[in-house]
Amino acid sequence: MSDIHSQHLSQSIQRIQLLLNRKELIEAWLHSQNQQPKHALVESLTHRQHLAELKRLINRLHPADTALLLESIPPEHRPLIWHLVDEDKAGAVLLELSDSVKQPLISASDTNVLTAAAQHLESDEIADLVQDLPEDVAPDLLCSLSSDERDQVRSAMSFPEDCVGAWMEFDIPVVRDDISLDVVLRFFRRQGSLPDNSGQIMVIDDYGHLKGTLALEDLLTHSGDLPIADVLDSKPITFHTNSSAEDAARSFERYELIVAPVVNAHNKLVGVLRVTALMDLIAELAHKKLLLNAGLNKEENLFDPIITSAKNRWPWIALNLFIVFIASRIIDQFETVITHVVALAALLPITANIGGNAGNQVVALVIRGLATKQLNASNTLQLLRKELSISLMNGLIWGSVTALITYTLYSNFLLSCVMMLAMLSTMLFASFIGVAIPIALKRLGQDPALGSSVIITGTTDTLGFLIFLGLAAVIL
């Protein structure tokens, strides 16, 4: 998004929010002036003026920006804004909304409103939306579609969300492989438009099997009497309907793809995968990973009800509280040592915090490696050795620096040795745990990012306290 567009969008949203607030204030004031003549007429006219201005501003926005507006305002204002969205944009707005905002709006909408909104979408988009609609709406919506569209929607709905089939599109230019380039050109002239900005035309045989792709550039620059078979790319990068959508997204990034054909088990062309759809997938996955890393395993909107947001955070708060209590019991066991060497209380947080930072760095690296398939069973030990070596180096360097600072502050050589050894040991343990936790979660069938930062921070804090105070008890 350009800076100019971003600034314009921010101004538009602020203007709508101010208009909403002004509407509430003026209408509340008019309602309180019920002793004035013609009060009802004035109140009705004012209400209509505000709605007309809001509707004009809202429908000038792109559907994605309207979705952002709905997510940026308090829940009590959302139904009003939603009902002002034009019918031809409503379906696209719903697709852009997060689930926590979308579901209440769908629940508050009539069946005919939802059906009309969905009819302005493509088949693959309808398939995405149908899964969120009430059960009594879906049959009416499917009945309103043509037989081809109905088949396409059912086909897309048959695939899990993490499969390519759930993200493919059906609106694709297709030609047979037994015709010439001139015939293809005449076909598009009759159509009145060229293929979209993908620049690729899918080529199939008489039975619908994929034969390759024809670049729009080749269509326009080669002699028209050439058969398609002479200029097509017979080995394009192709995806199967059951392939992983996340793997497909990485392939699009690696090979700089814009569009790729999707085939079924019999190599029949069933759709295409576009980079625009995968951008939505990548953004969705990044958002999910961010929440999971913080321990939020359910999507949370900024303006969700307080109790809903609180319940979403309880499990990881409880886990963290449990770990912290363990840490407090460890500290309590070394009360005598801390009493004799008061400086330990001041130095105690240093090793734990450094260990947590080192552990989170390793966790981020391992999660990335698991996501990109670079990390597997064959090279896990190699990565572990590397991370332990890095921690050994950093532990020696920064442990020495910490020891020097400790000696400067407290003039206690043994205390400096404790800090040196504690820093080294804690960083080694943090690296080991940073590699182990995501891999363990993966093998347990969980997302490696699920609460990793919460677990690593609590664990390294506890181990940091134990190592530091244990060494202090032995050496001092």
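The legends below describe close-up views of a predicted model.

**View 1. The whole protein.** The protein has 21 helices and six strands. Of its 476 residues, 44% are buried. Among contacts with a separation of 6 or more, 67% are between residues 24 or more positions apart. The accessible surface is about 26,000 Å², and carbon and sulfur atoms account for 58% of that area.

**View 2. Helix 14 and the residues at its two ends.** Helix 14 covers residues 245–255. At its start, a side-chain oxygen of Ser 244 comes to within 3.3 Å of the backbone nitrogen of Glu 246. Buried residues in helix 14 are Ala 245, Ala 248, Ala 249, Arg 250, Ser 251 and Phe 252. An α-helix has 3.6 residues a turn, so residues three or four places apart point the same way. After helix 14 comes Glu 256, which has a positive phi, near 55°.

**View 3. Phe 325 in helix 16.** Phe 325 sits in helix 16, which runs over residues 306–333. Its relative accessible area is 52%, and the cut-off for exposed is over 50%, so Phe 325 counts as exposed. Phe 325 and Thr 462 are 137 residues apart along the chain, and 9.3 Å separates their C-alpha atoms.

**View 4. Spans annotated as transmembrane region.** An unreviewed UniProt entry places the feature "transmembrane region" at residues 388–407, 413–441 and 453–475. In the model, residues 413–441 are 100% helix and 0% strand, with end C-alpha atoms 42 Å apart. Residues 453–475 are also 100% helix and 0% strand. The end C-alpha atoms of residues 453–475 lie 32 Å apart.

Notes:
Residues are numbered from 1 along each chain as its sequence is written. This is a predicted model: local features need pLDDT of at least 70, side-chain atom pairs count only at pLDDT 80 or more; totals for chains, interfaces and linings use all residues. Side-chain values use heavy atoms; hydrogens and water are left out. Buried means under 20% relative accessible area, exposed over 50%, partly exposed in between (1.4 Å probe, protein chains only). Helices (H or I, at least four residues) and strands (E, at least two) are DSSP runs, numbered from the N terminus. A polar contact is a pair of N or O atoms within 3.5 Å; within protein, one must be able to donate a hydrogen and the other to accept it, and residues adjacent in sequence count only if both atoms are side-chain atoms. UniProt positions are given in the numbering used here, feature names are shortened, and annotations may be inferred rather than shown by experiment. Contact means heavy atoms within 4.5 Å. Accessible areas come from the Shrake-Rupley method with a 1.4 Å probe; for residues, only the protein chains shown count as cover.
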